[in-house]
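Thank you all for coming. I would like to walk through one model this morning, beginning with the ligand and ending with a few single residues.

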Amino acid sequence: MKKIALGVSSSVGIYKACEVVRGFQKSGVEVQVVMTPNAARLISPLLFSSLSGTKTIVDIFEEPLARTVGHIALAREIALLCVAPATANVIGKFAGGVADDFLSTLFLASRAPVLIAPAMNEAMYLHPQTQANIARLKALGAEFVEPEKGYLACGDEGWGRLAEPEAIVLEGMRLIGRTASLKGKTVLVTAGPTREHLDPVRFLSNPSSGKMGYELAREAVARGAETILVSGPTSLVPPAGARTEFVQTAAEMQAACLKAFPKADIVVMAAAVSDFRFKAPRARKAGKIEIGSTLAVEKTPDILALLGKKKRPGQFLVGFAAETHDILAHARKKLAAKNADLMVANAVGEGKAFATDDNSVRIIAPSGPVQETGLLSKREASRVIFDRVEAAVEKKRR
Ligand code: CTP
C-alpha cells in the first residue's frame with residue numbers, strides 16, 4: 001500500500017482537508033497527516049488522527065526516541081508530499097529552504113513528488129512575492145493545484161479559494177502513478193559537453209553545462225527507471241539514484257554508451273558531443289610557435305547515429321538538436337538520418353538554452369504535429385519530454 005504525507009496548514013480552507021484525506025484513502029493510499037502548529041489551533045489534530053487512523057504529527061520535538069528520526073524516516077517512505085491547504089507562509093518557507101517545523105523539514109528531507117494546493121486571501125496570493133515563491137517551487141519540480149475564484153473567508157470575492165478535494169486527489173494520484181511509470185525499464189541519458197584535447201592545456205568543446213541531461217536523468221530516476229547517466233565534464237552534482245559515469249571525449253562517451261546500450265530500453269542523447277577532434281593530440285604541452293597556425297581536425301564518431309543503426313525493435317532513441325536557425329528543418333533531417341524515434345529541438349545562441357536554467361523545446365516525431373513547450377525550467381521540460389517519450393513508447397508497442 002502506498003503511503004503519502006498530507007501537509008495541512010492554517011488556512012480557513014482546512015475543513016476541506018478532511019475530504020482530501022478521505023479521497024486518498026478511497027484511492028487505496030495510506031495518509032499520514034502533518035499539521036503546522038498554527039493549523040492545530042484551527043482544528044484539533046485528533047480529527048485528522050481519527051480520519052486517517054494514524055496519529056497526526058504536529059510537533060517536531062514530539063518524535064519518539066527511536067533509532068530513526070521521524071521526519072527523515074517518513075520522508076523516505078512517502079510516494080507523495082501533498083500540502084492542502086498551503087498558506088503563503090508554508091509556500092514561502094518551502095521556496096526559501098526554511099525548515100523550522102515538521103512539515104517544512106519533511107519537504108527538505110523528501111525526494112518524493114510534491115503537490116501544493118494554495119489557499120489564501122486574493123491579495124496575498126497575487127502578491128509578487130508569493131508568485132515568485134510559487135515560480136521558484138515550480139522550477140524545483142513542485143506541482144500546483146491552482147486555487148479557485150470564489151467567496152473567501154475574509155469576505156472578499158476573488159482568487160485564493162482552495163481547489164476542490166477531488167481535483168487535489170486526482171492530481172495527487174496522477175503524480176503517485178508517475179513515480180512507477182518506468183519501473184523495470186533501463187534509461188540511458190548522456191549529458192554535458194565532451195572535450196577533445198590538443199594537449200593537456202587546450203581542448204575543443206562547447207558551452208553545454210549538462211543541466212538538461214542531469215534533469216532528464218533525475219526525472220528518469222523519479223519515474224522508477226534504472227538510470228545510467230553518461231556525463232561529460234560538468235560542475236553539477238550527479239542526481240541521486242542514477243549510476244553516473246564520467247567521460248571526457250566523444251570516443252569515451254561512445255564506449256560508455258555502447259556498453260550500456262544492450263540493456264537500455266530508452267536512450268536520451270542530450271549531450272552536446274564535440275563534432276571534431278585533433279588529428280594529432282599531444283601528450284605534452286606544445287608552444288604556439290611549434291603548433292603553428294593550422295591544426296588538422298577529424299570528425300568524432302556520431303554516437304546517436306551508431307545507436308540508431310544498432311537499435312532493436314523494443315528500444316527507443318531520443319536525440320537533441322541545438323540549432324541557431326532553421327530549427328525544425330535541421331531537426332527533422334537529423335531525426336531521419338540518425339534513425340531516432342523523437343528529436344528534441346531547441347534554439348541556441350544569443351544566450352538561449354546553453355548553460356541556462358530554462359529551455360523552450362520542440363518535440364518532433366517522424367509523423368504528426370510538432371509539440372512546442374514554451375519557456376519552461378529544465379526541470380519542467382524534462383517532465384514534458386518523458387511524458388511524451390512514454391506515450392510514444394506505448395504507441396510503438398501497440
Ligand atoms: N550526437 C552524437 N554524436 C556526435 C554528434 C552528435 O551522438 N558526434 C548527437 C547529440 O547528442 C544529439 C544529436 O546527435 O542528440 C544531434 O546533435 P547535433 O550536434 O545537433 O547534430 P550533428 O549531427 O552534430 O549535426 P551538425 O552538423 O548540425 O553539428
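This is a predicted model: local features need pLDDT of at least 70, side-chain atom pairs count only at pLDDT 80 or more; totals for chains, interfaces and linings use all residues.

Let me begin with a definition: by a polar contact I mean a pair of N or O atoms within 3.5 Å, where within protein one atom must be able to donate a hydrogen and the other to accept it, and where residues adjacent in sequence count only if both atoms are side-chain atoms. Residues are numbered from 1 along each chain as its sequence is written, and side-chain values use heavy atoms, with hydrogens and water left out.

So, to the ligand. Which polar backbone atom is 3.0 Å from a nitrogen atom of the ligand? That atom belongs to Ile303.

Ile303 brings us to helix α13, which spans residues 303–310. Helices here are DSSP runs of H or I with at least four residues, strands are runs of E with at least two, and both are numbered from the N terminus. At the start of α13, the backbone nitrogen of Leu304 has a side-chain oxygen of Asp302 within 3.3 Å. Within the helix, Ile303, Leu304, Ala305, Leu307 and Gly308 are buried, and I use buried for under 20% relative accessible area, exposed for over 50%, and partly exposed for values in between, computed with a 1.4 Å probe on protein chains only. The elements covering these buried residues include α11 (250–260), β13 (266–269), β16 and β17, where contact means heavy atoms within 4.5 Å.

Several of those strands belong to an open sheet of 8 strands with mixed pairing, in the order β12-β11-β8-β13-β16-β17-β18-β19. Two strands are taken to pair if DSSP finds at least two bridges between them. At the edges are β12 (243–246) and β19 (371–377), each of which pairs on one side only.

Ala345 has Arg362 as its bridge partner in β18, and Val344 has Ile363. Arg362 in turn has Glu372 as its bridge partner in β19, and β18 and β19 pair in the antiparallel sense over 5 bridges. These two strands form a hairpin with 6 residues between them, and in the turn Gly368 has a positive phi of about 95 degrees.

Asp326 counts as exposed because its relative accessible area is 52%. Asn339, in the loop between α14 and β17, also has a positive phi, near 55 degrees, and with a relative accessible area of 38% it is therefore partly exposed.

A few points remain in other parts of the chain. Lys16 lies in the loop between β1 (2–8) and α1 (17–26), and it counts as buried because its relative accessibility is 8%. Leaving aside residues up to four places away in sequence, Lys16 touches Leu162, Ala163, Glu164 and Pro165.

For the cysteines, a search of the whole structure finds 0 disulfides, a disulfide being a pair of cysteine sulfur atoms within 2.5 Å. Cys82 has its nearest cysteine sulfur, that of Cys18, 14 Å away. Cys82 is buried, because its relative accessibility is 0%, and Cys257 is also buried, with a relative accessible area of 0%.

Finally, the peptide bond from Ala84 to Pro85 is cis, with omega near 0 degrees, and Pro85 is found in strand β3, residues 81–86.
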